[in-house]
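Open the model in your viewer, colour it however you like, and get your selection tool ready. We will go from one stop to the next.

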Amino acid sequence: MTTFNELGISKPIMKALEQMGFEEATPIQAQTIPLGLQGKDVIGQAQTGTGKTAAFGIPMIEKINQDVKKIQGLIVAPTRELAIQVSEEIHRLGKFKGVRTLPVYGGQHMDRQIRALKDGPHIVVATPGRLLDHIRRKTINTSNVHTAVLDEADEMLNMGFIDDIRDILKVIPEQKQTLLFSATMPKEIREIAATLMKNPEEVKVKSKEMTVSNIDQFFVEVHEKQKFDTLTNLLDIHGPELAIIFGRTKKRVDEVTEGLHARGFRAEGIHGDLTQGKRMSVLNKFKNGRIEILVATDVAARGLDISGVTHVYNFDVPQDPESYVHRIGRTGRAGKAGEAISFITPREMPHLHLIEKVTKSKVKRMDAPSFDEARRGQQQVTVEKLTSTINGKDLGDYRETAAELLEEYDSVTVVAAALKMMTKERRNAPVTLSSVQPVSVKKPSNNKGKKFRNDNNRNFSRGGKTGGGRNRKFQNKRPSNNTSRKQG
Ligand SMILES: Nc1ncnc2c1ncn2[C@@H]1O[C@H](COP(=O)(O)OP(=O)(O)OP(=O)(O)O)[C@@H](O)[C@H]1O
Ligand SMILES: [Mg+2]
């Protein structure tokens, strides 16, 4: 265990960490903060939800001279929502030092952005396309940047972004420090990374699996046509606090969302075809629990840190093992428990085996529940609510009313009626989705860099609070590292 004090962190940042409830450094933070402070180039790999943002954020903030109103730190992230989230975390960490941070991303008014940039932020967190736009218009000056970070580095160095990244790094002073972070780092991407850095130190938090141990991983073998019923049955049984359902395409996301509405679930979809305003509003609704289900393309797979996500469903199997790691990593963050359930059609079983092999994790079989089991599962969710009320709350004058009721009816009838009222019975509306092709196994050598940038993967950004809170001690049962890659 390493305390932040031992890492030699300055007072204003210590104060921020205390306010954020960070009690001790996570392994990736303990290992990379000293290197960052020494000015070394670093490739940092650690599992999802283990605090990589602060691992690169803290040393960057330490090195900012807040009296110089120029951009000194640049962080590049693959999606808009992620740029906003990282910017918010950097703001929280740096506020007592007076460090000013600005997120800069596509889909936002250029004029407003230019005005905010004129105010002289110290750190800019940007998506690559919009950043390049500003560099070309000379509305962002990178000549004072001493630290550059690529968050989700393997994704940023993948086919869709690599040229932009090279162009961005070209205009930053040669003597800069470059930090690359991700939960996944396929070998061929690591090789590209090394060409952009000076003798980078590679820090890999040791762990057998790429995925975090606090996520229980399951698969359900299910035919395409049965997927939707299986999904709603599972949702009834699991009663997730917040759930993310990943679908392969935008159309798929829209159809699943509509289907869920038809069956009475509070769900909204998020993908790259929506306006930025809509994307933000959907994400915010999800974060404050006004909707309980987010249906998403891979645009939401990387980096997003939303507290309360208890379940991730891969309605469609992810295209590659790295995407699997990031998708399921939206739950089980900061030591919390989570469950991930992947739907696999019989023809896709080899693909599941590839995922297991590359991530070195065991995905357990779960039987698809029947409609009857789902009904009983729903009732069980109600029973749990009822028992926690019995145990936890002062029932006051409800007891009196209950006693009166029991003079008139027998106890089983009274409890059954209460359960029926409390249970959200689903409408069993028929839902048919358009058919899709099963995913086939890709040969491992098949230039991994060139993955399908199929959907809206680019330009996802997320806004809003990170799971804040007091005393957030990392209870990671088995701290380990992980791996990540593309999407955007
Ligand atoms: N030392 C710490 N103690 C307690 N909580 C922490 C600590 N460091 C980070 N956190 C919290 O843990 C959560 C996950 O952190 P973060 O988003 O940086 O993870 P990550 O490693 O970047 O994950 P991903 O690979 O999914 O991007 C955040 O809510 C963050 O505020
Ligand atoms: Mg991250």
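Start by selecting strands β12 and β13 (residues 338–344), which pair in the parallel sense over 4 bridges. Helices (H or I, at least four residues) and strands (E, at least two) are DSSP runs, numbered from the N terminus, and two strands pair if DSSP finds at least two bridges between them. A word on the source: this is a predicted model, where local features need pLDDT of at least 70, side-chain atom pairs count only at pLDDT 80 or more, and totals for chains, interfaces and linings use all residues. Residues are numbered from 1 along each chain as its sequence is written, while chains are lettered from A and ligands numbered from 1 in the order in which they are written.

Now click on V312: opposite this residue stands A340 in β13, and V312 is also the bridge partner of I244.

Is β12 enclosed or open? Of the 6 residues in this strand (residues 309–314), 5 are buried, so β12 is largely enclosed by the rest of the structure. Buried here means that 20 or more other C-beta atoms, placed from the backbone, lie within 10 Å of the residue's own.

Zoom out to see the whole sheet: 7 strands form an open sheet in the order β10-β11-β9-β12-β13-β8-β14, with parallel pairing. Its edge strands are β10 (267–270) and β14 (364–365), each pairing on one side only.

For the last stop, select helices α2 (residues 27–37) and α3 (residues 52–62), whose axes come within 9 Å and cross at roughly 25 degrees. That makes α2 roughly parallel to α3 (angles under 35 degrees count as such). Show the side chains at the contact (C-beta atoms, placed from the backbone, within 7 Å): the residues include I28, T32 and I33 of α2 and A55, F56 and I58 of α3.

Conventions:
A residue is buried if 20 or more other C-beta atoms lie within 10 Å of its own, exposed if 12 or fewer, and partly exposed in between; C-beta atoms are placed from the backbone. Axes are lines fitted to C-alpha atoms, for helices over the stretch in contact, and angles run from 0 to 180 degrees between N-to-C directions. Angles under 35 degrees count as roughly parallel, over 145 as roughly antiparallel, 65 to 115 as roughly perpendicular and the rest as oblique. Two residues are in contact if their C-beta atoms, placed from the backbone, lie within 7 Å.
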